[in-house]
Amino acid sequence: MFRSPLIRFSAVAIVAALAMAACGDDGSPAAANNSTAGTAAAGSAGAELPAAKLSLVAYSTPQEAYEKIITAFNATPAGKNITFSKSFGASGDQSRAVASGLDADYVAFSLEPDVTRLVKANLVAPDWNKDANAGNVTDSVVVLVVRKGNPKNIKGWADLTKPGIEVITPNPFTSGGARWNVMAAYGQVIKGGGTEADGVAYLKSLFANVPVQDDSARKALQTFTSGKGDVMLAYENEAIFAQQKGQDIDYVVPDSTILIENPAAITSTTKHPEQAKAFLDFVRSPQAQQIFAENGYRPVVSDVESPYDFPTPTGLFTIADLGGWTDVTAKFFDPKGSIMSDVEAGIGVSVG
Amino acid sequence: MADATATLSRPLFGRRSGLRRLNTGTAFGVGLATLWLSLLVLIPLGAVVWRAQEDGLASFWDAATAPEAAAAIRLTVASALIVAVINAVLGTLIAWVLVRDDFRGKRVVDALIDLPFALPTIVAGLVLLTLYGVNSPVGIELAYTRAGVVVALLFVTLPFVVRTVQPVLLELDVEMEQAATSLGASKLTTFRRIVLPNLAPAISAGTALAFARAISEFGATVLISNNLPFKTQVASVYIFGQIEADNTVGAAAVATVLLLIAIVVLFGLDLLQRWAARHA
Amino acid sequence: MRFIALGYLAVLIGLPVVLIFWRTFEHGVKPVIDSLSDPAVLHAFRVTAIITFWTVLLNTVFGVGIAILLVRHTFPGRRMLNVLIDLPIAVSPVVVGLALILVYGKFAPVGGWLDDHGIQIIFSYPGMVLATMFVTLPLVVREVAPVLEEIGTEQEQAAHTLGANGFQTFRRVTLPAIRWGLAYGVVLTIARSLGEYGAIAVVSGRLIGQTQTATLVVDERFQNFDQTTAYAVAVTMAFVAIITLVLINVLRPKEHS
């Protein structure tokens, strides 16, 4: 007699579960299966492309820039019939999402390893970065963000290891942005003639002055703007973004710093390769690069006007100068044993 | 949240509810419940445990006992224990006041107990950071200290003990306490000898839940803690870091250790209640 | 004693509540209304509502079923089931996301098979509902089970002797008896579902206008320094949850002797 309620329950539940799956599918963002009736040579600029819905998966900082770029793209003949589904989040999270099955046609991340992950997962072709810009669509540099008016008079890297100075930078094991910061801090020692040992020593002194390690660059910015710390390591475009949003900060471009290169690529699993390529081409065009510049990014093409003064540091270097991301990741950021894991352990032990 | 483990604390024999042997209906129900639980909880968690040992048990052990992992686990468990104990005491106190006392706005206060449930942890974290951060409007700076982590955990675990103890307190026959008092027992003795034994199963059930919640917390603590590896990084943030580094085996290893600790604590408290019920 | 309790609550809960409201309405009511009218925000509310609806429905049905099973029946492994019900609370949201992707992700065994048949779990509604159900699993069970225990089987047995079948007994005798425990469990599930962030963040894919939930909007807006919208959305959800909780508390008669 007591089994009936259970059986009734189960019937209701199974029906409900199936209904949910069905309804869920209706609302699910499966890639649109618009038929691309074979058009000929539609890749040339100015030709209209068949309608498609592209899935754009990017890191969070360029969200406003991409919204504007999409609008501009829709005004061109190539982009007229193309709609977008957009997703923005932390670069690593987004990259892992695509690797776990998030449908994407166009991906843009804040550092190359997030694309490499997709190459390894056979979701992006290995020759994605063989173009003139090595796959990058925007640049930036690591800067030193300070309080408005620079009360502590921070001028360069040497000031960061002074006693009593608090430096904010995220945890390089949870944040891609933090890795640019670390490599900038390390690289400027090397660029200035120091040895690897000097560079590591600098990292150790630097991290001894870091009171908080947030898990993402944006959280670090929140921490800094909420009043903690004297100087923060950040991307130049993040600093500009914060200033645009009314935060009371200034930033110093050090003489020697790393060129941050942000990659973008089309996935190999895209159902609309022509349209995706058209969008990528547009992103690299002067018009889109101008939009990036207005949002604080350094364009990768020349002759783009910008409201911001993007000074070129005398001692600018790139990740390639330091060995490229693959080597750097293994040497500096392997949690099982690397330069940064030693540095982090060193802080833990010394303060106990 | 009401106390459920107390439902099974009474011995099976002589229960008021009728005994049902494993008939078809029960078997079907058990099967369905198992299926449901499996699809939703057991198989996914099993996949995590599987991933943890995918590279072999030695690798699992290394990952789980790596210095940073061990530090994170220690901090998490220690903070959770502190928070559990504080909740056991203050939660019972609050439940007592809500049941036995009367004052204006009591119903509103009662409802607000569940606020930590309704607030996204990320918002809770941000609010706590604003309150106890560098520019604290109340002048208390707790952020980026271990105390800050404890406060964040206290916030998210508030409802557990309160809600487990409340219904039991409501049940409790005040006559026994009144009798004890009229016989000359002090309030403390009355509480200790009469009330507490009856509340013990509920308190321990609520404390177990508070502990379980505290070891899994991520959103509120990640903002208010300084997340320094080896020092103030809680286990869930460490796990996140491992995932970020594409080291899912390491992440799964620490997750498995936490799961085992949780199971041990939950089972332990279940046993405690059985014992307490027999000796009540 | 009252003062200790109320003082603790005032500091722990009261201060945050005051701060949230102050921060939300700092610049007046109009910016709040404007930010809540943003189409992306409205859609996010809709997504959250849909997920909450399904989570509550499924977890209620199975919650009551499991409660009946635990209380009215005996079987080997009953204690184990009882402990396992509480387990989801101990699982960190990061791990929930990881666990679900390992099984239901597109490149995972079960997920891959489903994907071949056109059913997408992760990065779609079913995945988000699964994640929310995971974290709210114990709530209904833990409210209904003690009440079932409480009321005993006399009435149910009486109904049976009078000729009622199982379902009639359930509908006419059991269900009314457990209704307040059930209601409270449902309301707690609603509250928790509205506020879920961590696990959903991993399995949602954050597709704006599609799988972005209200809590994800809160996160996004905070990160973009749009504090007004972030707080506005957070306050709205907390408000809905609190209202339902207050209603239940007010409506529930103090029936326990």
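In this predicted model, strand β1 (residues 52–59) of chain A is joined by three bridges to strand β3 (residues 106–108) of chain A, and these two strands run parallel. Within that pairing, A:L56 has A:Y106 of β3(A) as its bridge partner.

**Around β1(A)**

- β1(A) also pairs with strand β2 (residues 82–89) of chain A, again in the parallel sense, and eight bridges link β1(A) to β2(A).
- The residue A:L56, which is bridged to A:Y106 in β3(A), stands opposite A:K86 in β2(A).
- Helix α2 (residues 63–74) of chain A belongs with β1(A) and β2(A) to a β-α-β unit, and the handedness of this unit is right-handed.

**Around β6(A)**

- Strand β6 (residues 231–235) of chain A is likewise described as mostly covered, since five of its five residues are buried by the criterion of 20 or more other C-beta atoms within 10 Å.
- Strand β4 (residues 136–147) of chain A runs antiparallel to β6(A), and five bridges join the two strands; in this pairing A:L144 stands opposite A:L233.
- Strand β5 (residues 167–168) of chain A, by contrast, runs parallel to β6(A) and is joined to β6(A) by two bridges, with A:V167 standing opposite A:V231.

**Chain A as a whole**

- Chain A contains 13 helices and 10 strands, and buried residues make up 51% of its 352 residues.
- Among the contacts in chain A with a separation of 6 or more, 73% are accounted for by residues 24 or more positions apart.

**Chain C against chain B**

- The contact between these chains takes 74 residues from chain C and 80 residues from chain B.
- Several helices of chain C give two or more residues to the side that touches chain B, including α1 (2–24), α3 (39–72), α7 (125–151), α9 (166–195) and α12 (227–251).
- α1(C) gives the most to this side of chain C, with 12 residues.
- By residue class, the side of chain C that touches chain B divides into 53 nonpolar, 12 polar and nine charged residues.

Conventions
Residues are numbered from 1 along each chain as its sequence is written. Chains are lettered from A and ligands numbered from 1 in the order in which they are written. This is a predicted model: local features need pLDDT of at least 70, side-chain atom pairs count only at pLDDT 80 or more; totals for chains, interfaces and linings use all residues. Two residues are in contact if their C-beta atoms, placed from the backbone, lie within 7 Å. Helices (H or I, at least four residues) and strands (E, at least two) are DSSP runs, numbered from the N terminus. Ala, Val, Leu, Ile, Met, Phe, Trp, Tyr, Cys and Pro count as nonpolar, Asp, Glu, Lys and Arg as charged, and the others, Gly among them, as polar. A residue is buried if 20 or more other C-beta atoms lie within 10 Å of its own, exposed if 12 or fewer, and partly exposed in between; C-beta atoms are placed from the backbone. Two strands pair if DSSP finds at least two bridges between them. A crossover is right-handed if, with the strands pointing away from the viewer, the path from the first strand over the helix to the second runs clockwise.
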